[in-house]
Amino acid sequence: MKLIVFGASGMIGNRIVNEALAREHQVTAVVRDLAKIAITHPNLTVVKGDAHDADHVAQLVAGHDAVVVSVIDRSDPETPPRAAHAVIAGLKRAGLKRVVIVGGAASLEVAPGVRLLDNPEFPAPYKPEAAAMAEVLAIYRAENDLDWTYISPSMSIEPGERTGKFRLGGDQLLTDAQGNSAISTEDFALALIDEVEHPRHLRQRFTVGY
């Protein structure tokens, strides 16, 4: 497949690019700073750009089979919602329907109708970023013309091992027997590319965890 990844130089985006290349897909990595992509690969094309201009998005995505958006900006929580609107408009202009979004965990439920974000103990410094990613989910849920999938990680996502042993869930936070909620970036990327190759959650959110 021909995939294009926005936010390809980030912690998660980088693993998504690596996983896609390992499966012999052709990948266009979109970054704001070309120096942040250090790898070279015959199936990799690196371009400078961002996901905030619909016309630019339309130009970049043309000719690809699917789009992956991994846009998280802790310095400006408004970035992901702006990018969501631009990506949706750009895909429609390009006539491309398939988009997979790297989402947040805070919109997952910890009890019926209660999101992690709504927990009084949720850390205040992370609330603006978490609320922005929840808004991105709402933006895509209102979208009926694209084949979107929003993937939430577990509460903790860090670089680690590619085990291939994880669980998929829906709108509820996944925890293990000890109450931990975690996934490695490598296994998250594996689950995401699985979804790109074999869509099972069209116009849905799902989550990944151990």
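The legends below describe an overall view and several close-up views of a predicted protein model.

Residues are numbered from 1 along each chain as its sequence is written, and side-chain values use heavy atoms, with hydrogens and water left out. Because the model is predicted, local features need pLDDT of at least 70 and side-chain atom pairs count only at pLDDT 80 or more, whereas totals for chains, interfaces and linings use all residues.

View 1. Helices (H or I, at least four residues) and strands (E, at least two) are DSSP runs, numbered from the N terminus. Along the principal axes, the C-alpha atoms fill a box of roughly 45 × 35 × 30 Å.

**View 2. The surface and interior of the protein are summarised here.** Of the 210 residues, 49% are buried. Buried means under 20% relative accessible area, exposed means over 50%, and partly exposed lies in between (1.4 Å probe, protein chains only). The accessible surface comes to about 9,800 Å², and carbon and sulfur atoms hold 49% of that surface. Accessible areas come from the Shrake-Rupley method with a 1.4 Å probe; for residues, only the protein chains shown count as cover. Among contacts with a separation of 6 or more, 72% join residues 24 or more positions apart; a contact means heavy atoms within 4.5 Å. There are 21 positive and 27 negative side chains, and the centres of the two sets lie 2 Å apart. Lys and Arg count as positive and Asp and Glu as negative, while His and the chain ends are not counted. Each charge is placed at NZ of Lys, CZ of Arg, CG of Asp or CD of Glu.

**View 3. Helix 3 spans residues 79–94.** Its 16 residues reach 22 Å from the first C-alpha to the last, close to the 22 Å expected at 1.5 Å a residue. The expected span of a helix is 1.5 Å times one less than its number of residues. The buried residues of helix 3 include T79, P80, A84, V87 and L91. Their cover includes helix 2 (54–61), strand 4 (66–69), strand 5 (98–102) and helix 4 (127–141). Helix 3 is followed by G95, which has a positive phi near 75 degrees.

**View 4. T79 and A84 are two residues of helix 3.** T79 is buried, with a relative accessible area of 3%. Leaving aside neighbours within four places in sequence, T79 is in contact with H52, V71 and D73. A84 is likewise buried, at a relative accessible area of 3%. Not counting residues up to four places away in sequence, A84 touches V136, I139 and Y140. The C-alpha atoms of A84 and Y140 are separated by 7.7 Å, although these residues stand 56 residues apart along the chain.

**View 5. D55 and Q59 both belong to helix 2.** D55 is partly exposed, with a relative accessible area of 46%. A distance of 5.9 Å separates the C-alpha atoms of D55 and G90, which are 35 residues apart along the chain. Q59 is exposed, with a relative accessible area of 61%. From Q59 to H198 the C-alpha to C-alpha distance is 26 Å, and the two are 139 residues apart in sequence.

**View 6. Helix 5 is mostly covered, with 11 of its 13 residues buried.** Among these buried residues are T185, F188, L190, L192, I193 and V196. The end C-alpha atoms of helix 5 are 18 Å apart, which agrees with the 18 Å that its 13 residues should span at 1.5 Å a residue.

**View 7. E24 and R203 are non-glycine residues with positive phi.** For E24, phi is near 70 degrees. E24 is found in the loop between helix 1 (11–22) and strand 2 (26–31), and E24 is exposed, with a relative accessible area of 66%. For R203, phi is about 55 degrees. R203 lies in the loop between helix 5 (185–197) and strand 12 (204–209), and R203 is partly exposed, with a relative accessible area of 38%.
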